[in-house]
Amino acid sequence: MSGPRRALLLAGHGSQLDARSGEAVRAHARRLAASGAFDEVLTGFWKEEPALARALDGCRADDVVIVPAFMAEGYFVNEVVPAELGLDGPLTRRGGRMLRLARPLGAHPLLAEAVAARALEAGAAADGAVFVLGHGHPRDPRSARAVRAQVGRIRATGRFARVEAVFTDQAPRADAIPALADGRAATVVPFFAAGGWHVGRAAAAIPANARLAAPAGAHALATDALAALAREAARG
Amino acid sequence: MNGRACEAIAAGRAFSFGEIDVAFGEGRVTLTGPRPGRAPRTLDATVEALRRHVRFDDRGRYRPLSGARTLPGGWRITLPARLAGAALEAVYPLAALHQAQAAAGTLRVAPFAETAARQRGRYRAAGELDAAGRDLARATLCGGCARTPVWAGESASAEAIPCPEACGPLLALCREAARWRAEPPPPAPPDGGVPFAAFETPGNELRETLLLSLSRAPSAMARG
């Protein structure tokens, strides 16, 4: 006899203006579906189709883990995702089904590895300065917390001479990079779940001589992080 | 599963769905887009190639609303018949499922007020648009969509694709329209180069259409 059917729902932001925004989440979902760890792997987006609010319309699983493909434990993870999915908290029982809300992608330690890998891909050297560019929020300290945690992890490896956090929406911003780099070659790694509007805006703001890496959240290591977060939530 | 699309797929029978035609033969399914002409382009035979192709219209603009009647024209794709459902899903996410649920009487329909009440941040304003303005916004956006807004009380035929809930683009349009009610911006010439859902940008085709409609139908509040 088989056990309960298990599903994984990746909850992403998506965009009505930028086609790139949801692609990384879809790529993660394809890889996770191919792994066979879940009976169903679904995607749902706040601003794209399928909409988060309808993402479980065809789901047949008894046990659903929802992993927010967001980088911070802030507004989207704590307000938007629960509201769209009608969640009561980390664990929701509804119609004989368990809905488990995992921690967001940006909280997992593997993201530090993803940032380092992105920096190296972009040409960062051991004597260079790596800047982890997050969103941040001037009134919500939760937004910057994950970025700073990952910066601490990368610093601890000693892989780069300098590792700093900068933000698009709070200080220190990208215009602080030359001073913080202190003459070292700068590599900026966007701490975002995907390419799109935010990364484009970030690219426009960084100094011309800084290298810009691809977003950390779109790296294959982020797929592993999503799987690990799902396992963590499934254990309860 | 019930529903005309699901039944046709199970029977290997040709059918139309939104803007596409679906045909079966020799263990394969062929989807044909609008305006195929004499020699439609053949897409790579993968569901992912299809999904990526229909993300953009003939002008190269991103299509955030899958049901918008702006599918690119002149293409077809042939896949193993077992992928027919996945191919439909790539073009119209959840549409076959919702059609089947409507046929079975299990489709969960959310009225606009329920969807609007769930909105956070700057999208809360979508629920502040008066009913007349909301009807005009719906006519503007949903009038060009292959889905039938059953959330608004419209009835959908068995062949139609029912839309059970106001979509993100409609909420964004209502949010802007609520602002326009208070302070109508000047009209601008429609510009097909402006992104489909850039409702804040003068020249956006849906924005300019709705602004014109709103100017002809002042809100009850404005009429005093």
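1. Helices (H or I, at least four residues) and strands (E, at least two) are DSSP runs, numbered from the N terminus. On this basis, chain B has 9 helices and 7 strands. The structure is a predicted model, in which local features need pLDDT of at least 70 and side-chain atom pairs count only at pLDDT 80 or more, while totals for chains, interfaces and linings use all residues. Residues are numbered from 1 along each chain as its sequence is written, and chains are lettered from A and ligands numbered from 1 in the order in which they are written.

2. The overall form of chain B may be considered next. The radius of gyration (taken over C-alpha atoms) of chain B is 19 Å, close to the 17 Å that the globule rule (2.2 Å times the number of residues to the power 0.38) gives for 224 residues, so chain B is as compact as a globular protein of that length. The C-alpha trace of chain B spans about 65 × 40 × 30 Å along its principal axes. Of the 224 residues in chain B, 38% are buried. A residue is buried if 20 or more other C-beta atoms lie within 10 Å of its own, exposed if 12 or fewer, and partly exposed in between, with C-beta atoms placed from the backbone.

3. Contacts in chain B also deserve a remark. Two residues are in contact if their C-beta atoms, placed from the backbone, lie within 7 Å. Among contacts in chain B between residues at least 6 apart in sequence, 69% join residues at least 24 apart.

4. Chain B contains an open sheet of 5 strands in the order E1-E2-E3-E5-E4, with mixed pairing. Strand E1 (15-17) and strand E4 (41-42) of chain B are at the edges, each with a single partner strand, so one side of each has no neighbour in the sheet. Two strands pair if DSSP finds at least two bridges between them. Strands of a sheet pair through backbone hydrogen bonds, either parallel or antiparallel.

5. Which residues lie on the covered face of strand E3 of chain B, and which on the uncovered one? Val29(B) and Leu31(B) lie on the covered face of E3(B) (residues 28-32), whereas Arg28(B), Thr30(B) and Thr32(B) lie on the uncovered one. Strand E2 (residues 20-25) of chain B pairs with E3(B) in the antiparallel sense over 5 bridges. Val29(B) is the bridge partner of Phe24(B), and Leu31(B) is that of Val22(B). E2(B) and E3(B) form a hairpin with 2 residues between them, and Glu26(B) in the turn has a positive phi of about 55 degrees. E3(B) also pairs with strand E5 (residues 75-80) of chain B, in the antiparallel sense over 5 bridges; there Val29(B) stands opposite Leu79(B).

6. Helix H3 (residues 84-91) of chain B lies across E1, E2, E3 and E5 of chain B, running at about 20 degrees to E3(B). Axes are lines fitted to C-alpha atoms, for helices over the stretch in contact, and angles run from 0 to 180 degrees between N-to-C directions. H3(B) is mostly covered, with 6 of its 8 residues buried. Those buried are Ala84(B), Ala87(B), Leu88(B), Glu89(B), Ala90(B) and Val91(B).

7. In chain A, 4 strands form an open sheet in the order E7-E6-E8-E9, with parallel pairing. Strand E6 (residues 129-134) and strand E8 (residues 186-190) of chain A pair over 5 bridges, and Ala129(A) has Ala186(A) in E8(A) as its bridge partner. Helix H3 (residues 110-121) of chain A lies across E6 and E8 of chain A, at about 135 degrees to E8(A). Helix H4 (residues 142-157) of chain A packs on the sheet and touches E6 and E7 of chain A, its direction making about 170 degrees with that of E7(A).

8. Chain A is divided into domain 1 (6-105 + 219-235) and domain 2 (107-218); such bounds come from an automatic or database domain assignment. The C-alpha centres of these domains of chain A lie 25 Å apart. In chain A, 27 residues of domain 1 are in contact with 26 residues of domain 2. The largest share of the side of domain 1 of chain A that touches domain 2 of chain A, 6 residues, comes from H7(A).

9. Between the chains, 18 residues of chain B are in contact with 17 residues of chain A. Helix H7 (residues 168-182) of chain B gives the most to the side of chain B that touches chain A, with 3 residues.
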